[in-house]
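Biologist: Please show me the model, and then let us go through the fold and some of its residues with care.

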Amino acid sequence: MEDSTTKKFYPVRPIQRWLVDTHFNKAKSTMMNIGGLYKLSAQIDLQRFVDAINEVLFSHDIFRCRFLFHPETSDLCQIFDGDIEPVTIYRTTDEFFQSKMNQLREPYKIIGNPLGRIYVIETPTAKYFYADFYHAIMDGVAAAILFIRELDKVYRGRKSKRPALSYAEYVDEESKIPPEELAEGHAYWKKMLAPFDKKKHLPPVDVENVAAWTQGNVDYKLQNFTEEFFRNTRRNENTFFLGATMLTLAKVTGSKESIMSWIHNGRTTMHERRLMGLMLEQFPCAWDFHEDISVRDFLDKLEGQINTGFQYRKSLNVVYNDGLEDDCVSFIFQKDFHNDFVLGEGTMEVVYLPPNEVSAVENALDVEVEACEDGTYDVFLDYDAGRYSKASMKNFAATMNKILIAMTDETKHVSEILR
């Protein structure tokens, strides 16, 4: 048995711990599973694909990550030297696979166990690839972009000129930031979130007798609003949609205030853009719409607030550690996350897996805006069905659609939109 004194224990990053703590609310659920199922085109060579998967897995230390309780302090920590089980091809019948397809996503037992599952499956008529990771070690950019791109590169036989970056080293360096460098940012975030009130800054609850954390979903196609607006105005899509979400929240709550959060991929340098692991950050944002300003001024000032937030990015540890935005509505804007992928001479087609009996929602309300290839936009609402009805969430999306259209006239004042 390995002596624990020779093993290197790394601290869990604050956002990792926050995600784990959130999961404890529904520990036997798949709320923190990230990834999905793909159908592979017939021309893909499965053995070559499996070899590529294993090469990628053994190249990055994030896939060796394990969560443990420190033997001396009992604090949750992580190691990066866990064993990797090589992926092999699993062959089965079409009937058996179809009967089990919705059970691929399973809850993770996070202490001491692998935090990812990868299956390559072949039936007499099809080939499938399933990749699923625990969210506290991988985010969407890592799982759906970096991981898939590297699989494609290795499958094609292209060798990287640079060694894989170490997530363990990133964790180690971040943990050494002096506390005094973070103090100003701590004060900034605490001041922003101090007024938050669930009764005031969340949509009104309209459901009873439904279990908390029950997952609800609404998929809404935006009408009469396309990418052409951004091509003509050069407006930042993320800021525009975030502003629309804040206005929608203020309108449905009737408070003329928004305190919520928005998700950034956390990759601001070339080093971070190449790093496999959990990098995202959830930034608080707040606005008081009692001050009547034009849409143009609102968006310009909101962009300024976002830029200030980036300056205090490392101070977000106080937000995660103290749970300051646990109940906030969250927003994310995404591109190319649910599209099919190229793999060598073939393709990987996304297969939708519906929620199952172990599904659960992470937050009261998550608002995701996704840019589609045809220039349109979809709004996905992932919400706590123990709080909100599907009808109220459809109304939220429809209200947001109207507000987006109103905002295209940037001379209009926010008071007109919230009237």
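What follows is a conversation about the whole chain, its strands and a few of its loops.

Modeller: This is a predicted model, in which local features need pLDDT of at least 70 and side-chain atom pairs count only at pLDDT 80 or more, whereas totals for chains, interfaces and linings use all residues. Residues are numbered from 1 along each chain as its sequence is written, and side-chain values use heavy atoms, with hydrogens and water left out.

Biologist: How many helices and strands does the protein chain have?

Modeller: Both kinds of element are DSSP runs numbered from the N terminus, with helices (H or I) of at least four residues and strands (E) of at least two. Counted in this way, the protein chain has 14 helices and 15 strands.

Biologist: What radius of gyration does the protein chain have, and why does it agree with a compact globule?

Modeller: The radius is taken over C-alpha atoms, and the globule rule is 2.2 Å times the number of residues to the power 0.38. Along its principal axes the C-alpha trace spans about 65 × 50 × 50 Å. For 419 residues a compact globule would have a radius near 22 Å, and the chain agrees because its own radius of gyration is 22 Å.

Biologist: What percentage of the residues of the protein chain count as buried?

Modeller: Buried means under 20% relative accessible area, exposed means over 50%, and partly exposed lies in between, with a 1.4 Å probe and protein chains only. Of the 419 residues of the protein chain, the share that counts as buried is 54%.

Biologist: What share of the contacts with a separation of 6 or more comes from residues 24 or more positions apart?

Modeller: Contact here means heavy atoms within 4.5 Å. Among the contacts in the protein chain with a separation of 6 or more, residues 24 or more positions apart account for 78%.

Biologist: Which strands pair with S4, and in what sense?

Modeller: Two strands pair if DSSP finds at least two bridges between them. Strand S4 (residues 76-79) is covered on both faces, with Leu76 and Gln78 buried on one side and Cys77 and Ile79 buried on the other. Pro11 stands opposite Cys77, while Phe69 stands opposite Leu76. The partners are strand S1 (residues 10-11), over 2 bridges, and strand S3 (residues 66-69), over 4 bridges, and the sense is antiparallel.

Biologist: Which residue in the turn of the S3 and S4 hairpin has a positive phi?

Modeller: The two strands of this hairpin have 6 residues between them. A positive phi of about 65 degrees is found in the turn at Ser74.

Biologist: Which residue of S14 stands opposite Ser330?

Modeller: Strand S11 (residues 330-335) runs parallel to strand S9 (residues 257-264), to which 2 bridges join it, and Ser330 is the bridge partner of Ser261. S11 is also joined by 6 bridges to strand S14 (residues 365-371), again in the parallel sense. In S14, the residue opposite Ser330 is Asp366.

Biologist: Is Gly216 buried or exposed, and how far is its C-alpha atom from that of Asp382?

Modeller: Gly216 lies in strand S8 (residues 215-221), and it counts as buried because its relative accessibility is 5%. Leaving aside neighbours within four places in sequence, Gly216 is in contact with Leu381, Asp382, Tyr383 and Ala385. Although Gly216 and Asp382 are 166 residues apart along the chain, their C-alpha atoms are separated by 5.8 Å.

Biologist: What is the phi of Trp213?

Modeller: Trp213 is placed in the loop between helix H7 (198-201) and S8, and it counts as partly exposed because its relative accessibility is 24%. Although Trp213 is not a glycine, its phi is positive, at about 75 degrees.

Biologist: Which residues does Ser255 contact beyond its neighbours within four places in sequence?

Modeller: Ser255 sits in the loop between H9 and S9 and is buried, because its relative accessibility is 11%. Lys256 is in the loop between helix H9 (237-253) and S9, and is partly exposed, with a relative accessible area of 38%. Phi of Lys256 is positive, near 60 degrees. With neighbours within four places left aside, Ser255 contacts Lys200, His201, Ala250 and His290.

Biologist: How far apart in space are Glu181 and Ser315?

Modeller: Glu181 is found in the loop between helix H5 (167-175) and helix H6 (183-193), and counts as exposed because its relative accessibility is 58%. Glu181 and Ser315 are 134 residues apart in sequence, and from C-alpha to C-alpha their separation in space is 8.4 Å.
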